[in-house]
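Welcome! Please take a look at the protein shown here, and then we will walk through its main features together.

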Amino acid sequence: MEGRPAHPIAIRLDGDLARPRLVVAFRPLLVVPHLCWLALWTVPAAVAVVAAWVAGLATGRVPGPLHRFLASFVRETAHVSAFLHLVGRPYPGFLGREGSYPIDLTIAPPDGQRRLGVLARILLALPALLLASAFAIVAFVAAALGWCAALATARMPRGLR
């Protein structure tokens, strides 16, 4: 167990708080290509989630290629969300590569899973999904306030970031 992180997903937050007003003003338009890309990527990601669940149920482990694909999707979603919500300053890439954006996720490699846990994963995920929905509302409000503040001051307030 030594050498393992405390949690299999870690968030890294770097970068300054300066935000160019012009980029802030047009950020909702600038993110449209990424939202279209994520909408297209969601279809194979949903198929991959089902395949990973079946593989985890059958073998007790998610295959490496499926894990890498889904990890890239989750990272890309985080990068786009950070850009849209003014947490990140630069324009994100389209591939969800680790270390390619100031706000990044480090996702541990696949590990063995108990099959009973994999079977119950859907039910166990429901409270987390409800909580994530509540946090999405809070993030939207913080982004709206941060957008107004960044337009006025050309900086994202640290507390809203």
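Helices (H or I, at least four residues) and strands (E, at least two) are DSSP runs, and they are numbered from the N terminus. Read along the sequence, this protein follows the pattern β-α-α-α-β-α-α. That gives five helices and two strands. What you see is a predicted model, in which local features need pLDDT of at least 70 and side-chain atom pairs count only at pLDDT 80 or more, while totals for chains, interfaces and linings use all residues. Residues are numbered from 1 along each chain as its sequence is written, and side-chain values use heavy atoms, with hydrogens and water left out.

**The overall picture**

Along its principal axes, the C-alpha trace spans about 55 × 35 × 30 Å. A residue is called buried if its relative accessible area is under 20%, exposed if it is over 50%, and partly exposed in between (1.4 Å probe, protein chains only). Of the 161 residues of the protein, 29% count as buried. Contact means heavy atoms within 4.5 Å. Among contacts between residues at least 6 apart in sequence, 72% join residues at least 24 apart.

**Two helices side by side**

Let us turn to helix α2, which covers residues 32-59, and its packing against α3. The two helices meet at an angle of about 150 degrees, and their axes are 10 Å apart. Here the axes are lines fitted to C-alpha atoms, for helices over the stretch in contact, and angles run from 0 to 180 degrees between N-to-C directions. Which residues make the contact between α2 and α3? On the α2 side they include L35, L38, P44, A48 and V49, and on the α3 side they include L66, L70, E76 and V80. By class, the contact has 15 nonpolar, four polar and one charged residues. In this count, Ala, Val, Leu, Ile, Met, Phe, Trp, Tyr, Cys and Pro are nonpolar, Asp, Glu, Lys and Arg are charged, and the others, Gly among them, are polar. The crossing of α2 past α3 is left-handed, a term used if the near helix is turned anticlockwise from the far one by less than a right angle (right-handed if clockwise).

**Aromatic rings in the contact**

Rings of Phe, Tyr and Trp (its six-membered ring) pair if their centres lie within 6.5 Å; planes under 30 degrees apart count as stacked, over 60 as edge-to-face and the rest as tilted. The structure holds four aromatic pairs, and here are two of them.

| Pair | Centre to centre | Angle between planes | Type |
|---|---|---|---|
| W37 and W41 | 5.6 Å | 45 degrees | tilted |
| W41 and F73 | 5.6 Å | 75 degrees | edge-to-face |

W37 and W41 are separated by about one helical turn because they are four residues apart in helix α2. W37 is partly exposed, at 32% relative accessibility, whereas W41 is buried, at 9%. Since W41 lies in helix α2 and F73 in helix α3, their pair ties together parts that are 32 residues apart in sequence. W37, W41, F69 and F73 form one aromatic cluster.

**Backbone and cysteines**

Where does L86 lie? Its place is the loop between α3 (64-84) and β2 (103-107). L86 has a phi near 65 degrees, a positive value in a residue other than glycine, and this residue is buried at 1% relative accessibility. A154 also has a positive phi, near 60 degrees, and A154 is found in the segment after α5 (121-153).

How many disulfides are there? A disulfide is a pair of cysteine sulfur atoms within 2.5 Å, and by this rule the count is zero. C36 is partly exposed at 45%, and C148 is partly exposed at 48%.

**Around α4**

Q113 sits in the loop between β2 and α4 (115-119) and is partly exposed, at 31% relative accessibility. Leaving aside neighbours within four places in sequence, Q113 is in contact with G60, V118 and R121. Q113 and S81 are 32 residues apart in sequence and 29 Å apart in space, C-alpha to C-alpha.

L116 belongs to helix α4. Is L116 buried or exposed? With a relative accessible area of 66%, L116 is exposed. From C-alpha to C-alpha, L116 and D14 are 38 Å apart in space, and they are 102 residues apart in sequence.
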